[in-house]
2 protein chains.
Amino acid sequence: MDLSSYNNHYRILVAVDCIIFGFYGTQLKALLIKRGFEPEKGKWSLMGGFVREGEGIDEAANRVLHQLTGMKSIYMEQLCAFGDVNRDSAGRVISIAYFALINSTDYNKQLQLEHEAKWFPLSEIPELIFDHQKLLLKAKERLREKVACNPIGFELLPPKFTLPRLQLLYEAIYETPFDPRNFNKKMRSLGILNKLNEKERGSSKKGAYYYEFNSQNYKNVDKGIKKIV
Amino acid sequence: MDLSSYNNHYRILVAVDCIIFGFYGTQLKALLIKRGFEPEKGKWSLMGGFVREGEGIDEAANRVLHQLTGMKSIYMEQLCAFGDVNRDSAGRVISIAYFALINSTDYNKQLQLEHEAKWFPLSEIPELIFDHQKLLLKAKERLREKVACNPIGFELLPPKFTLPRLQLLYEAIYETPFDPRNFNKKMRSLGILNKLNEKERGSSKKGAYYYEFNSQNYKNVDKGIKKIV
DNA sequence: CCAAAAGTGTTCATGCTACACCCATGA
DNA sequence: TCATGGGTGTAGCATGAACACTTTTGG
């Protein structure tokens with residue numbers, strides 16, 4: 001490799017920061033940690049880490065997500081880069097933000113304790129370090145845009161879920177109620193759900209049918225054309 | 001500033017690369033340059049530059065755009081970061097991509113010569129260095145998504161333009177013809193155009209009325225709700 | 001038998017699509 | 001006067017929004 005022509009240029013610390021969304025009860029929440037090192041040690045923060053030598057940025061984001069959740073193959077997408085000169089009080093750091101969606105039922109609670117991580121409803125986010133509030137806000141916007149045309153909401157639910165539950169999720173994301181008749185009709189018409197022959201008991205006496213996401217059908221459809229919500 | 005806790009981390013070269021779109025005749029084009037330094041000197045490339053000390057990333061993109069076009073206050077938006085380990089053959093470089101829209105009538109041709117820059121129709125892009133082809137593709141996608149709901153197409157036109165010309169622009173972006181009756185109706189109904197009392201002569205005998213973009217009206221509308229195309 | 005949540009169908013308004021003719025003018 | 005591109009309106013269709021009642025069953 002010939003590095004000669006690049007040698008005199010300024011090198012910068014590059015971090016990845018992850019906005020991790022989960023769906024608990026009726027609330028969309030974000031997973032935050034108590035920062036474990038200076039500066040701003042002990043304050044609430046997004047989970048992040050520096051990009052290492054020989055490590056791609058997506059790889060770095062995956063590593064960071066794995067560190068905190070113990071999960072592999074999390075749904076994850078790059079948001080954008082944040083690079084104001086003084087965004088980090090301890091020096092020049094460019095942060096590449098990722099947002100991730102996880103199914104809250106299967107992740108490692110042990111790791112959560114180690115990192116002093118906590119789920120916060122989006123309406124009750126505490127003060128965050130640096131520009132992390134801004135990253136979180138942008139992630140929320142992007143999630144809405146993305147969910148409107150792409151079936152990624154399912155990433156926030158277990159493989160089997162009921163329609164009322166799916167509706168609660170969309171209501172949490174958009175912070176607005178939907179009409180259950182219209183919602184069901186729309187969802188069924190998209191042809192991306194399989195109705196199972198099994199009911200969920202417990203949240204109602206009648207019981208609601210379970211559905212699963214049919215990704216095969218989705219792939220056959222012209223992506224991004226149909227509006228989901 | 002206390003840098004102690006960050007000191008042992010790996011620092012990386014960060015570049016910004018700009019995908020610059022322009023509208024010429026009936027074609028959407030991208031501005032490419034002949035790369036002026038090694039590696040890959042003399043090959044076609046996006047215009048880019050390294051992020052400097054004390055310079056924010058948006059600032060860096062503006063600087064790069066100014067260098068090539070001589071224009072200030074160009075419409076510009078961050079696309080995303082590209083950070084695969086071996087994307088640059090000469091070492092680890094993370095690139096933050098920006099796409100820019102410029103009105104082709106008022107930019108500096110002199111600078112174009114100095115950089116050996118050339119406008120290429122999107123259907124005739126030559127081989128590009130590194131992953132620049134990928135950046136360009138992604139920019140094209142993003143432009144379509146963005147233009148569908150935001151009136152940024154006007155950035156590609158002079159302040160005064162005719163409806164047939166605007167239609168040609170949209171047709172170029174979406175690579176598909178529109179019905180002129182429906183297109184006009186839709187555009188007029190959005191209430192973001194001012195019809196001027198002046199006609200463009202030359203492209204037809206009857207002449208077409210000039211319009212200008214009314215950004216004031218646009219700001220009063222609930223953004224991002226209305227679909228433009 | 002009653003309370004609580006699940007499930008379903010119809011109507012109306014709106015917006016999108018398709019489509020054909022007259023207008024103004026320079027040559 | 002004619003060729004060229006500019007400009008407009010209508011009817012059918014699909015989609016989204018509003019809205020109320022029946023079903024199931026555990027307690």
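Two strands pair if DSSP finds at least two bridges between them; strands (E, at least two residues) are DSSP runs, numbered from the N terminus. In chain B, β8 and β10 (residues 208-213) pair in the antiparallel sense over two bridges. This is a predicted model, in which local features need pLDDT of at least 70, side-chain atom pairs count only at pLDDT 80 or more, and totals for chains, interfaces and linings use all residues. Residues are numbered from 1 along each chain as its sequence is written, chains are lettered from A in the order in which they are written, and side-chain values use heavy atoms, without hydrogens and water.

**Sheet in chain B**
- The open sheet has three strands in the order β8-β10-β9, with antiparallel pairing.
- Its edge strands, β8 (161-162) and β9 (193-200), each pair on one side only.
- B:T162 stands opposite B:Y210 of β10.

**The two copies**
- Chain A is superposed on chain B by a rotation of 180° with 0.0 Å of shift along its axis (RMSD 0.0 Å), by least squares on the C-alpha atoms of residues with pLDDT of at least 70 in both.
- The copies are thus related as by a two-fold rotation axis.
- The copies meet through the same surface, because 100% of the interface residues of chain A are also interface residues in chain B.

**Nonpolar cores**
- A nonpolar core is a set of buried (under 20% relative accessible area, 1.4 Å probe, protein chains only) Ala, Val, Leu, Ile, Met, Phe, Trp, Tyr and Cys residues joined through side-chain atoms within 4.5 Å.
- The largest has 54 residues, of which A:I20, A:I96, A:Y98, B:I20, B:I96 and B:Y98 touch the most other members.
- Apart from it lies another core of 44 residues, including A:F23 and A:L163.

How values were computed
Contact means heavy atoms within 4.5 Å. Buried means under 20% relative accessible area, exposed over 50%, partly exposed in between (1.4 Å probe, protein chains only). Helices (H or I, at least four residues) and strands (E, at least two) are DSSP runs, numbered from the N terminus.
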